[in-house]
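Subject: Structure for you to look at

Hello,

Here is the structure I promised to pass on. Please open it beside this email and follow along.

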Amino acid sequence: MKERIDPRFYVGLEEFGIKTAEWNECFHCGNCTAICPLTEKGVLFPRKEIRLMQMGLKKELHACTEPWLCYYCGDCSKTCPRDANPAELMMSLRRYLTSVYDWTGLARKIYTSKIWEYMLIFMLAAIVLVLYLKFTFYPAAEGQWIGADGGVLINKIAPWHRIHIGDWLMAGFLAFLLISNIFNMWYKVILSDKSVKIPFPAYITQFFSLVWNFFTQQKFNKCDDSKIYWYLHLFLMLSYVSLFTIIVFFLKWFQTDIIHPFWHPQRLIGYIATTGLFSGIFYFIFNRFNKSRQNSKYSHITDWTFLVLLFLTTATGISLHIFRISGMPVATYYTYVIHLMCLVPMLTIEVPFSKWSHLAYRPFAVYFANLKKSAIILPKRDS
Amino acid sequence: MEDKRIGVYICWCGTNIALMVDVEKVTREMAKIPDVVISRDYKYMCSDPGQDLIIKDIKENNLTRIVVASCSPRMHELTFRKALKKAGLNPYYFEMANIREQDSWVHTDRHEATKKAEALILAAINRVRYHEALDSRKVEIDPATLIIGGGITGITAALEIAGSGEKVYLIEQSDKLGGLAAGLDLTFPYLYSAVQMLRTLVRKVNTDPDIKIFLNSQVEEIKGYIGNFEAQISSAEGKETKLKFGNIIVATGLKTFDPSGMENYGYGKFPDVITSTEFEKMLQDGLIQKKNGTEPENIAIIHCVGSRNKNYHEYCSRICCSTALKFANQVRSQLPKANIFELYADMRAFGKGCEEFYASTSRKNIKFLMFDQENELPRVMESEKSDRCDMLIELNEKLSGKAVLVPADLIILMVGLEARQDVKHVAHATGLSICGNQFYIEKHPKLDPVATTTYGVFIAGACQAPKDIPESVSQAKAAAARILSTIARGSVEVEATTSCVNEEICCGCQTCIRICPYSAISFLEDKKVSFVNEILCKGCGTCGSGCPTGAIKCKHFTDVQIFSEIEGLLNMSYSMEEIKEA
């Protein structure tokens, strides 16, 4: 099917960071593709995406996995003779594609309107507060706030089994949204492309690439000459995944009234993960302030929101822990609710609708790209 | 035979020659050749002291022949001929041996290169013995000029020549002056009005007493040669005028390509597929609209129609890309909300201000789509009601590799330029040659672009190849300047190395008349022999090699001169007298 050119496609996409005045400068010399360390046969970017933008080929653009295969080393933008800034277009396209995959339409609202973004964050925080007060926090049990030994009784105030219910509800909600969005992505990337047919066994044989890339971001490692970026990102990702897994599945073990010794795995894992989160957050914030790297030169408002929410969540989490082991019950209980008021909006907004969705889209893009490589190419059909 | 006293001068050319040729050894060897009186080497023979050396030697030693072994004759033959003249010797008593381009620059073995230099110089020495004194002749110039073509080129040339007070006859085939430029609205890249520019020029031409304009007229036949041409001009009403003039400028221009034969663009089938010429007219009239009078929403401009394709014309018409950019600008300013598409093969926005024009145009939300000009041209198709446009253009977009559809309500075909139908008629009348693309051929593509191989006939503007206005105007002024310089001198020197007929040997077969590329030979009915008009003759030698009886002698390229040169090259030293006798 031949797609019709839409000269007005770019209208309204500026809010995603897509700067028409920049990519429109491109005259297709191909320098960007030549210099990109991730370009390979069949995956020729970022020139392809610029061309699709220029021509307004919406369907073709929605079928692209390339924006997710780019890790923004910025070499293309640095060497572009026309200052078309292809790397930033790829970044903006990731935001745009996130909104394309999201069938609820909320992602588009979050990316294009600050009012929507902050309204949703504050609304979720308020819901968390109400739910906390209603189902877990017992003001009447004030007498039981402090244990016989003077310690903090966290499970009295916020019993782990009740919090678990909230965790599972949230995790289920996030999983449902993320999976349905990935299904949408699969539809746009694989099913809509009539030129290829994926043989079923390929889905199984290529599955390993999905898991491998989720945990290692090996492509990212190939991209950048500054290894520290990749290490810090990996450390942050593993810390986040471990804490998320522990909270959702092993809260009983993690949230105890007994204070374990320092070397206990419960505390050690917590400290390591906190270090991982903090080092990543501070590094990224530092870069964005400094604008020293190509990929931190241009910050969309959602990039800052994400870092700030992540910082607040981590900071309240570790404060909560310090208050607890120091035997400061009141401070602990109030910090607990503030921690949840940061954590829940962060996960609910960022994972399915915004920046953090890349945890799924990036490995799936590698998976889909590999599927297409192993696909049967069908003869072109005209209609 | 007279006493030959030969001087041989061997140039080092700095290190250019001396590095690969043992110049001093060659100089010693050449001194041993019979008749060589003086053999010298010098660092730069072409320098003033070098030339003075030769002049001094000629005067002091009574030299009668000179050989200089140095660079190519293209470089310095004239320099040394002038030196001979200065010393009182006929300049044709000179021969040059090229031991730089043909020897030192192209060899790596010094010993062999030195031997080759000796052979080349020996050939020159052998040849120069048989050189004859030749005299260049002068022709008086009639100061009037005939200009064929009343476009912007012809008009400019006419004004330039008449501005010096000389007479100009301006012949225009149509009923008005202005040519293709008269059909333009604005011009690229500065968007000046073509009409306004032209109006001023035409008014000047019309009021200049030295310019006589012949509208609706054609040149029938031109006779004569530089300085003394004669022509018959016939008008559409059948009026005949005889003119006399000394020089000719051919400025017949080109015409636009007719896309009717191109099935894929649907010109003639779809009412809103129009040519760039028609669109210029629309712009002149001031309103961009479809045939039904409504405003088009999608406007597609297709480049390279009839150009750069082996089925039509392989050359680039050069003006269409920038014109298409101009159209995009004009459409954008008249219809700010329209979708504008430029379907191009390569963007050739060359020339002053044009790349900047392309850059500024591309920022006006104009979609540039590239197609493969060689293999797959875009195709205009009918659309369906659901498409919400009048036509669709099917296109394999080259930069994305995608087959796409482009909506269109008005399609402008950027038609190229091609030769006019009467190009052969004009070529025949003026003695011009035409190339495979039917453009007139200039004397030298780089160094002499407005002169032709016929003295007194100049070409200017697009008839030589597609050109834009500034280029045409420059050529018009260049041709005018060339003519004014001959008028100012009152006469011109013509080539001395012509051919001549030995009437006693000529059998009257007329082979030479048929093969002469300059129509310089005629047949004398009374004597039944051929006659060479030495003013028209360029000395190409075609007649000499074609003559079955050897009656034609090409001056400065006689048989004995060429044979003795070959003998010298083969390092044989026996006398050429025997060959000459035979």
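Which residues of helix H11 (residues 423-430) of chain B are buried? They are B:Val423, B:Val426, B:Ala429 and B:Thr430. Keep in mind that this is a predicted model.

Now look down the axis of H11(B). The buried residues fall within an arc of 135°, so they line one face of the helix. An α-helix has 3.6 residues a turn, so residues three or four places apart point the same way.

What covers that face? The cover includes four strands of chain B: E6 (145-148), E11 (217-225), E14 (247-250) and E25 (457-459). After H11(B) comes B:Gly431, with a positive phi near 75°.

Next, follow E11(B) into its sheet. The sheet is open and has three strands, in the order E11-E12-E13 of chain B, with antiparallel pairing. E11 and E13 (240-245) of chain B are the edge strands, and each pairs on one side only. From one strand to the next, the twist averages 20°. Eight bridges join E11(B) to E12 (residues 228-235) of chain B. In one of these strands, E12(B), B:Ser235 is the bridge partner of B:Ser217.

Then turn to chain A. The domain assignment gives domain 1 (14-101) and domain 2 (106-370). Their centres, taken over C-alpha atoms, are 28 Å apart. Domain 1 of chain A puts 25 residues into the contact, and domain 2 of chain A puts in 29 residues. On the domain 1 side, H7(A) gives the largest share, seven residues. That side divides into 12 nonpolar, seven polar and six charged residues.

Best wishes

Note on methods
Residues numbered from 1 in each chain as written. Chains lettered and ligands numbered in written order. Predicted model: local features only at pLDDT ≥ 70, side-chain atom pairs only at ≥ 80, totals over all residues. Buried ≥ 20, exposed ≤ 12 C-beta atoms within 10 Å, placed from the backbone. Helix = DSSP H or I, 4+ residues; strand = E, 2+ residues; numbered from the N terminus. Arc of directions from axis to C-beta. Contact = placed C-beta atoms within 7 Å. Pairing = 2+ DSSP bridges. Axes fitted to C-alpha atoms, helices over the stretch in contact; angles between N-to-C directions. Domains from an automatic or database assignment. Nonpolar A, V, L, I, M, F, W, Y, C, P; charged D, E, K, R; others polar.
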